[in-house]
Amino acid sequence: MILTGPPGAGKGSQAPKIVNKLTIPQLSTGDMLRAAVANKTEVGMKAKAAMDSGALVSDDIVIGIISDRIREIDCGWGFILDGFPRNVAQTKALDGMLAKNGEKVNSVVSLEIPDEKLEDRICGRWIHKPSGRSFHATYEPSMPKSLKAKPKGTKADSTNMFDDETGEPLVQRSDDTPTALKNRLEKFHSETVPVLTHYEPLGIVSHVDASGSKSAVWAQIDPAIGNKAV
Ligand code: AMP
């Protein structure tokens with residue numbers, strides 16, 4: 001199954017619910033690349049500059065990462081791709097990899113939201129790295145308790161942004177800036193939207209309005225995914 005949508009559409013928030021329902025793993029190329037950058041691996045060194053500017057990392061790198069990962073035992077019953085494929089070349093490579101084992105993409109969930117709504121979501125986003133939990137600097141329902149406890153209007157910074165469950169520090173992604181977001185959105189429209197066009201004729205694409213609350217978005221995804229991925 002493929003989970004797609006622009007940055008800030010809520011892929012990271014919804015993926016754990018899909019994992020829970022279908023009991024198959026989520027494979028996020030963005031998370032894998034960030035781990036490679038943090039560990040200063042060869043792949044990480046090659047990917048860092050492209051990621052920081054909001055450009056795409058080379059197809060060879062991401063296709064290699066995914067093709068290795070899907071051979072692992074936990075992917076044997078299916079998997080959720082988050083952030084991959086990002087263009088038509090990756091889509092064809094994915095179809096080819098799956099076809100070798102008589103498999104195919106069964107379901108594509110497309111989270112859809114106007115670009116104007118994304119800058120606030122992305123540029124106010126703070127993340128708890130170990131769990132992937134995501135918080136927001138100004139949007140009350142997603143504000144961490146540590147900032148809510150401060151006087152109203154206090155600006156978020158590293159002294160007041162902590163994870164609700166563990167109390168550990170939250171961080172901002174280096175590409176969650178207005179400039180990088182502009183590049184990421186341009187790439188999304190020019191390169192990633194054609195992935196949907198590729199799968200549309202197969203009748204497996206579910207279009208989800210992602211502009212509402214987390215629960216309103218889940219209420220659309222839940223019936224759409226059924227047990228298609230397993
Ligand atoms: P994400 O966490 O999915 O927003 O990904 C963060 C960054 O990692 C992107 O802006 C790209 O630079 C890179 N990246 C993630 N997945 C891919 C992919 N499938 N192809 C190329 N670059 C990717």
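Colleague: Which side chain meets that of Asp-163 in a salt bridge?
Modeller: This is a predicted model, in which local features need pLDDT of at least 70 and side-chain atom pairs count only at pLDDT 80 or more, whereas totals for chains, interfaces and linings use all residues. Residues are numbered from 1 along each chain as its sequence is written, and side-chain values use heavy atoms, with hydrogens and water left out. With an N to O distance of 2.9 Å, the salt bridge (a side-chain nitrogen of Lys or Arg within 4 Å of a carboxyl oxygen of Asp or Glu) joins Asp-163 to Arg-133.

Colleague: How far apart in sequence are the parts that this pair ties together?
Modeller: Asp-163 lies in the loop between helices α7 (145–148) and α8 (178–199), while Arg-133 belongs to strand β6 (residues 133–136); helices (H or I, at least four residues) and strands (E, at least two) are DSSP runs, numbered from the N terminus. Because the two partners sit in these separate parts, the pair ties together stretches whose separation in sequence is 30 residues.

Colleague: How many salt bridges does the structure hold?
Modeller: The pair of Asp-163 and Arg-133 is a salt bridge. In the whole structure, the number of salt bridges is 16.

Colleague: How much of the ligand's accessible area does the protein cover?
Modeller: Polar contacts (pairs of N or O atoms within 3.5 Å) include one of 3.0 Å between a polar side-chain atom of Arg-34 and a ligand oxygen, and one of 3.2 Å between a side-chain N or O atom of Arg-86 and an oxygen of the ligand. A backbone N or O atom of Val-57 also lies 3.0 Å from a ligand nitrogen. On its own the ligand has 480 Å² of accessible area (Shrake-Rupley method, 1.4 Å probe), and the share that the protein covers is 96%.

Colleague: What is the phi of Thr-23?
Modeller: Most residues other than glycine have a negative phi. Thr-23, in the loop between α1 (11–22) and β2 (26–28), is not a glycine, yet its phi is positive, at about 45 degrees.

Key. A polar contact is a pair of N or O atoms within 3.5 Å; within protein, one must be able to donate a hydrogen and the other to accept it, and residues adjacent in sequence count only if both atoms are side-chain atoms.
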